[in-house]
Amino acid sequence: MAEASRARRAVLYAVSALGGALIASVLLAPGPPLRAHPARTEVRFWHMWTAEWKTVVDRIVTRFNESQDEYEVVALSVPASSADSKFLLAVVGGDPPDVMAEWNPVIPTWAESGMLTPLSELMSADEAAAFEREAYPAAKKIGQYRGKLYGLAVGINLWAAYYRTDALTDAGLDPAHFPSSLEELVRWGAKLDQFDAQGNLTRIGFLPSSLPQYAPLFGGGFYDWQKGVLTLDTEPNRRALSFLVENRKRLGLDRVMRFDSSQNAGSGIEWPFMTGAYAITVDGQWRVEQLARYAPELHYGVAAIPPPQGGKLNAGWTSGNFMVVPRGAKQARGAWQFMKFWSGLVEPERAAELYTWGGWLPSFPAVANAPAFQNYLQKYPQFRKFVELMPSENWDAAAPVPYQIYLADREGAADQLAARGVLEPSAALAALQRQVEEEIARRRKLGFND
Amino acid sequence: MLVRALRKALPGLLFISPWLFGFAAFTAGPFLVSVYLSFTRYDIVSAPRWVGLENYAVLATDPVFWRSLELTLLYTAVAAPIAVIAGVALSLLLNFEVRGIGVYRTIFFLPSIVPTVATTVVFVWVLNPQIGLVNGLLRGIGVVGPAWLKEPKWTFASLILMAVWGVGGTMVTYLAGLKDIPVYLYEAALIDGASALQRLRFVTLPLLTPVIFFNLVMGVIASFQYFTQAYMLLNQQAPEEATRFLAVYLFERAWRYLDMGYASAMAWVLFGLVAVVTSLLFLSQKKWVHYG
């Protein structure tokens, strides 16, 4: 009896000790860092960058906080998977951040719902004029909706052709004379394809994919930026999609699909170009720094994707990181100061250094021409090609329509259905046109404008 | 009388009040509000705008809705019975009192407690057409395996495979049901000269039907709400013809396109469907479920 009582007491002590330790660990756990400048006005900044990127963003925030004594930007990294819904709920709940960095196609939908502050309300007349005059075309396309600017780009993404010089040389191709037409590039690709004894692909020379990327090269695209109308089932788009599908068929739809599925999605060191699975591929400017970090010995070059005969030069798809100010932001003015600081709309020479930290393409030529950025280009000469492509008007961005996400989803589906051989390219685009028209009709029935 | 009953129930109600409050605020409340929202145009941010029956009318002509409904019904019709058959078969095997049976039961139960997301990620690799385990094994016997998650019919088959993989959860309930069957019934059947198959057909299965019925109803409801695996595969570039289930489309409309009114209407149609099918199952049970 006494033994049982002792045992019970021992268990009780053990449980109490554990509980005490748990409470102590909660109480003593390091809390969020205290503000460095509590006397200043707090500007709450949400973003989705993590790991090494978060470190860069934190450095930029620190640099801004050191640059003036009125505001303190406090950054919060929000998981990308739930960032948009968290933002929505914060706006609805009346407690949004003051500024948020985004890269998803959200501006039209959010602006249409009245969730975003037009930046014209925050910009001075001089700033608005400077943006209109100075900003690269891509930066303007990314942030606008119904003629108003809602997002200020702080890093543009462009795509270009990366080629492995060793692979080209081995195949008897001269890297110094990269093809000037898409047709010739395809011929190069065919010489670079490699197969095993069973006929499986072991290396793809060049395989074009993604309709949004190639349609502008054929003179197409999904939106007429001058007229402000969608252009889905058009002759240039049909030619572009047929070109993509024909190239897959040349290698074999099933064979390409199997080869692709054995490749990692391609972040960092597992990027198929870096591993040698692709000899020529199309990718974004951020790969330059990754190649320098993870494959410094790799010899490669970067060139603009050449257009087809009669197509458009320096064309393709663009997207980017941009900052938005939600309606109801308590410190919209402070948010604007931070956005200006980062984007380089003011003091571009100072902003240039920030872009080099992240390996981002700036929105303004003055930033690109600043000494800090030019030093960066000396260090990463392949990056220069992307900067040279920036002034082109031929970059197509997501169409600024209020059902932008729906449209992007349907475009992706049309692309995929054609690539898998389920639908002929013309049928896939006709289906896309029909679906979008149905969606517009559905929205009108529910009382939306378009 | 009522006051006395309430007074008697009060301590109990107080004890469960946190749950009652949570249920009212987070389940019953939104449930009722969604009825109203289904008659509105609502994007979360702006106030809901009354559109009458327009959401339901538009839904009736929405081809994506009909395709996703068709896929959901097909999945329910295939996955729910297969899950029952696999669960019963597995429980019959694991009902044998052999050495180490506890270990076997644990092994078969384990997949059902692995988070769905983790299981799906593993399956994406296992079913990879080039470097996946399944096609590797098939290659070993000279068969070129299919592109599991790239072709609609094989993607659908993969989803069924994943459903069977997690059948260990229901297996436990079948095992409990089997243990509940009185031994004397088997003894009587043996004396009457019933074979093993006859004992299964005329003793085991009839007495297991309450558990089968329960699992079938739960399985059908879960199939109608099928979401996680399909949504993950859709985001992994699996064909949308085999992954855009009704719940996935509903989620897209609600949270991707901010069309809460339309999504609410869809949710109520889904609820109606589940209610009808479940009612039919309940009506049918008189004919095939034996409660001892």
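In chain B, among contacts (heavy atoms within 4.5 Å) between residues at least 6 apart in sequence, 65% join residues at least 24 apart. In chain A, residues 24 or more positions apart account for 73% of the contacts with a separation of 6 or more. This is a predicted model, where local features need pLDDT of at least 70, side-chain atom pairs count only at pLDDT 80 or more, and totals for chains, interfaces and linings use all residues. Residues are numbered from 1 along each chain as its sequence is written, chains are lettered from A and ligands numbered from 1 in the order in which they are written, and side-chain values use heavy atoms, with hydrogens and water left out.

**The two chains**

- Chain A has 20 helices and 16 strands, while the secondary structure of chain B comes to 14 helices and 2 strands. Here helices (H or I, at least four residues) and strands (E, at least two) are DSSP runs, numbered from the N terminus.
- Taken along the principal axes, the C-alpha atoms of chain A fill a box of roughly 85 × 70 × 55 Å. For the C-alpha atoms of chain B, the box along the principal axes is roughly 75 × 70 × 35 Å.
- Of the 450 residues in chain A, 53% are buried, and of the 292 residues in chain B, 39% are buried. The words to know are buried (under 20% relative accessible area), exposed (over 50%) and partly exposed (in between), using a 1.4 Å probe and protein chains only.
- Chain A exposes about 19,500 Å², with carbon and sulfur atoms supplying 54% of it. Chain B exposes about 16,200 Å², and there carbon and sulfur atoms supply 73%. These accessible areas come from the Shrake-Rupley method with a 1.4 Å probe; for residues, only the protein chains shown count as cover.

**Where the chains meet**

- The size of an interface is often given as the accessible area lost when the parts come together. Chain A and chain B bury about 2,900 Å² between them, 55% of it on carbon and sulfur atoms. Buried area is the accessible area (1.4 Å probe) that two parts lose on being put together, summed over both.
- A:Arg258, A:Arg442 and A:Leu446 supply 22% of the area that chain A buries against chain B, more than any other three residues.
- The contact takes 31 residues from chain A and 38 residues from chain B.
- Between chain A and chain B, 12 residue pairs are in polar contact, both residues being at pLDDT 80 or more. A polar contact is a pair of N or O atoms within 3.5 Å; within protein, one must be able to donate a hydrogen and the other to accept it, and residues adjacent in sequence count only if both atoms are side-chain atoms.
- On the side of chain A that touches chain B, at least two residues each come from α3 (80–92), α4 (107–112), α11 (253–261), α19 (404–419) and α20 (425–445) of chain A. The helix α19(A) gives the most to this side, with 7 residues.
- Across this interface the rule finds 5 salt bridges. A salt bridge is a side-chain nitrogen of Lys or Arg within 4 Å of a carboxyl oxygen of Asp or Glu.
- B:Arg256 and A:Asp409 are joined by a salt bridge between their side chains (2.8 Å, N to O).

**More salt bridges**

- Over all chains, the count comes to 34 salt bridges.
- A:Arg146 pairs with A:Glu112 in a salt bridge, the closest N and O atoms being 3.3 Å apart. A:Arg146 lies in the loop between β4 (144–145) and β5 (148–149) of chain A and A:Glu112 in helix α4 of chain A, so this pair ties together parts that are 34 residues apart in sequence.
- A:Arg146 is partly exposed, at 48% relative accessible area, and A:Glu112 is partly exposed too, at 30%.
- The side chains of B:Asp259 and B:Arg253 form a salt bridge (3.7 Å, N to O), and both residues are buried.
- A:Asp233, A:Glu235, A:Arg238 and A:Arg239 are joined into one network by salt bridges that share partners.

**A nonpolar patch on chain B**

- B:Leu2, B:Leu6, B:Leu13, B:Phe15, B:Ile16, B:Trp19, B:Leu20 and B:Phe23 form a nonpolar patch on the surface, with about 870 Å² of accessible area together. Patches are made of residues with over 30% relative accessible area and no salt bridge: like charges are joined within 9 Å, nonpolar side chains (Val, Leu, Ile, Met, Phe, Trp, Tyr) within 5 Å.
- The elements giving two or more residues to this patch are α1 (2–15) and α2 (17–37) of chain B, and α1(B) gives the largest share, 4 residues.
- B:Leu20 lies in helix α2 of chain B and is partly exposed, with a relative accessible area of 35%.
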